[in-house]
Each structure stands twice: as C-alpha cells, then as structure tokens.
Amino acid sequence: MNTAMHPQTTELPAGSIPPREQWVRRDRQLALITLLLRVPQVMTPLGVLTWVAVSAASAWTAAVSSAALCLGMAVCGVGMAVFANVRWRLWALAGVALIQGVVMWQLSRVDVDAVGTTWDAAGAFVPFFVAGLSLAPMGLAARLRWVSVVESENRPEAFGGAMRRESVNEALATVLGAALTGLLAVVAGPSSVLRASAILSVLTMVLFVVHPSARHPQANMPESQWRRDRRPAPRAQQRAAFRLRHGLLYGIAALNALLGAAQGCLAVYSVSLDTVKTMGVMYALVGFGAAAGSSLAVRFRHRITAANMWVLVATGALLTSMLLSGPSGTVGFSVVLMAVGFFSGPCLLCIHSSAGQVDMAHGYMGLVGFMNVATSVATALGLIICAYLGVHHDYMSAAMVPVAASMLLLGTALVFNHGLRRAPGPEPRI
C-alpha cells in the first residue's frame, strides 16, 4: 500500500476524549460553578434587606443593616486582594466559606425587632458588619481560576471569552439570587434566605475546590495594584494608564451606587405599600434585564468598541433611572427596574472588558480586586443615602439618588472614552 496516498492517522484509545472536547466540557462546568459561587453574595445582602424590612417595618433600618454587611464585604475584598498570591489561597477560601455558613446561620437567629432607628443604636448593626467580613468576593476568585487555567494550558486566546463569560455570570447571579430570595421570603420566611445562602455557599465552594481545574498551578499574573511599577515608561504613558485605571474604578463605583440606590428605592416603595416579601422577586427583574442586555451586547462586540458601548448604555441607564421618580404601581415599578438592569448589565460587561485590555501590564487582577472593593462600598453608600432621603424626607428625594449615580456613570464613561483616545494602543472590545 502506498503510504503517501494513505497517510497514517493517530487514533485515540477507546473511551478517550480529545483535548479540545475535554476543555469545552471542563470550561462549561467551571462557568456553572463560578455562577453558583456568586449567588450567595446576591442573596445575603438582599435577604438581610428583606428580612429586616419585614421584621422591623423600617426601610431605614433595613438599608443600614444591608449596608453594614456590604461594608464588611469590602473589608474582606481588601484582604483577598492582599493575599491573592499566597499558595494556600484556595484552602483559605474554603475556610472562609465554612465560617460564612456558620455566621449566616447564626445571624438568621438574631432578633431584629428591637433594632433602633436612631444613630444611638449603631452598635446593633455590628453583627451585620461582622457577617460581611466572611463574604469573600467570589468574582475575583473565579477570574483568578480562569487565569490559572488558560496559562497552564497555553490558551491565551481563551482569556477574553472567559472574562466575558464571568461578566455575564455577574448578571445571571443577580437573577438567580434575587429570585431565590423572593421565593424563600414568601414561602419559608425572610430569615430562611440567610440559612439557604449559608448552605449554598458551602456546597458551591466544595465544588470549586474539588473541580479538576483546581489542579492547575496558580498563575503568577496577579499583582498588588498599589506596588509601584519599576519598569521604565514614558511619563505621558504612566499618566494615561493612571487615568484609565481610576476611570474604571469610578465607573464601577457609579454603576453599583446606581444599583444600591435602586435597592433603596425598592425598600422605601415596598415598606410604604407593605409588599416587602415580594421585594426579592421584583429585584430579580433587574438581573433579568442585565442578563438580556449583556447577551445582546456580546452579539455586537465586533461592531462597536467597549468604550463607545459604555457611553451608549450609560445614557440609557440615565434615562431609565429618571422613571423611578414616578412609579405608577407595582407592575410599572417592576418594568422600570428591568429597564435599569437592561442597561446596567452591559455597563458591567464593558467595564470589565476594558479593564482586561487596557491595564494588563499593571496587574489586571489587582485592579479587579480594587473594583470588588469599590463595588461593595458604592452599593452601601447608594443604599444608605437613598433610604435616608426616602424615610426622612419623601420618595421623590430618594428617587434623585439613582439619577445622580447614573449621571456620574455617564460622566465617567465620557472621560474614560476621551482618555482612551489619547492613549496608545487599540481600543478595547467586549
């Protein structure tokens, strides 16, 4: 037989799977696990907001309790960013998940009926802050895992797709977490949300630790963002990189201030109408709209840059946030929340995509760590300010907070776009 006419082919052993199919199957499993990792982070603050609002019948008390939890999450995010390079990071996360399960289970048994509504009762919110210290930012852990996977398997082309997938997972987690919060609050009581989030956190962390992707060696890509870059670079380039990094931080802070203010408006609106138990279901529409908007934005990633899309969707967020000032009923309020989410999801996608492409040389994971901290702090501020104005003044005053946050979001998008045009290199895309 002529071997030139009939070249030999390498046959795989029986029962084996080609590497590419193995990667696809493993990547899908990892994407599902990282999605489930984020769900308790959504359930817990929203569950505290619903639980305290039902028990204390006060939107202000509920907002401060949830904000204290978010501030604790910010402190935990700082710790995770500092220890991002340690070898025992994975086991530390597993330990934090176990602590979180115990803390959330005990927190659900706290009597919140006697929590005061004045500044003198600030000590009553300390347990919520302590509970937030056990809520590690799993978005950072998920992205660190993907970095290790693509570096170990020498697949740099898969990095962009993994980061897009994780940004979409942020929106999908909002859908699942808020929907579970509303369902459990109605069926089993608001305090059951914390117990369910504790169980789910432990189970998903076990899956995250035992998944085959955890066997890859830890990548050396993360850097501490506050370390000075000692490599020589032109002063103009350093200034441009500094402005772009801070533009992304301000943008993610403005976006989450908008989402926190939307929660505050929802709390004030629900307490006034005595529909607090359905608050989680209504907020799930924000996540549903965010998932739909993110999926649509991904389809147009080759036609429009991330910076231009950020400006476009920030404008839409500003216009829809104005509708929060005049709700015509539960249905109308729900539609407005879904519209806000429809433009907020692509904003998150654009910001994370830009961070992954304009700041790779200065430590992308360090920037993501700071973005997680800014997310928690801005959510807490938006929630507190909105609830304070709604309780101590009127709902119209509270509805101005989302408008102000969306104006800041649009402003940061315009400034970032302007700085990006003056910086060297191609414009980032989703």
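Q: Is Arg155 buried or exposed?
A: In this predicted model, Arg155 counts as buried, because its relative accessible area is 7%, under the 20% that marks the limit for buried residues.

Q: Which residue does the side chain of Arg155 meet in a salt bridge?
A: The partner is Asp27, with a distance of 3.3 Å from N to O. Asp27 is also buried, with a relative accessible area of 10%.

Q: What else forms a salt bridge with Asp27?
A: Arg26 does, and there the closest N and O atoms are 2.9 Å apart. Arg26 is buried, as Asp27 is.

Q: How many salt bridges are there in the whole structure?
A: A search of the whole structure gives three. Besides the two with Asp27, there is one in which the side chains of Glu166 and Arg38 meet, at 2.7 Å from N to O. That pair links distant parts of the chain, with Glu166 in helix H6 and Arg38 in helix H1, 128 residues apart, and both Glu166 and Arg38 are buried.

Q: Which residues do shared partners join into one network?
A: Arg26, Asp27 and Arg155 are joined in that way by their salt bridges.

Q: Okay, switching to rings: how many aromatic pairs does the structure hold?
A: The structure holds six aromatic pairs. One of them is formed by Trp60 and Tyr388, whose ring centres are 5.5 Å apart and whose planes stand at 65 degrees, so this pair is edge-to-face. It links distant parts of the chain, since Trp60 sits in helix H2 (residues 59-82) and Tyr388 in helix H12 (residues 364-392), 328 residues apart.

Q: What about the rings of Tyr269 and Phe333, how are they placed?
A: Their centres lie 4.4 Å apart and their planes are at 5 degrees, so the pair is stacked. Tyr269 lies in helix H8 (residues 235-273) and Phe333 in helix H11 (residues 330-358), so the pair ties together parts that are 64 residues apart in sequence. Tyr269 and Phe333 are both buried, and together with Tyr395 they form one aromatic cluster.

Q: Which arginines lie over the face of a ring?
A: Arg145 lies over the face of Phe208, at 3.8 Å from the ring centre, and Arg195 lies over the face of Trp105, at 6.0 Å from the ring centre.

Q: Last topic: what pLDDT does the chain average?
A: The chain averages a pLDDT of 79, and 82% of the residues score at least 70.

Q: Where does pLDDT stay under 50?
A: It stays under 50 over residues 1-17, for which the model has four contacts beyond four places in sequence. Where pLDDT is low, the predicted coordinates should not be read in detail.

Notes:
Residues are numbered from 1 along each chain as its sequence is written. This is a predicted model: local features need pLDDT of at least 70, side-chain atom pairs count only at pLDDT 80 or more; totals for chains, interfaces and linings use all residues. Side-chain values use heavy atoms; hydrogens and water are left out. Rings of Phe, Tyr and Trp (its six-membered ring) pair if their centres lie within 6.5 Å; planes under 30 degrees apart count as stacked, over 60 as edge-to-face and the rest as tilted. Helices (H or I, at least four residues) and strands (E, at least two) are DSSP runs, numbered from the N terminus. Buried means under 20% relative accessible area, exposed over 50%, partly exposed in between (1.4 Å probe, protein chains only). A charge sits over a ring if NZ of Lys or CZ of Arg is within 6 Å of the ring centre and within 35 degrees of the ring normal. pLDDT is the predictor's confidence in each residue, from 0 to 100. Contact means heavy atoms within 4.5 Å. A salt bridge is a side-chain nitrogen of Lys or Arg within 4 Å of a carboxyl oxygen of Asp or Glu.
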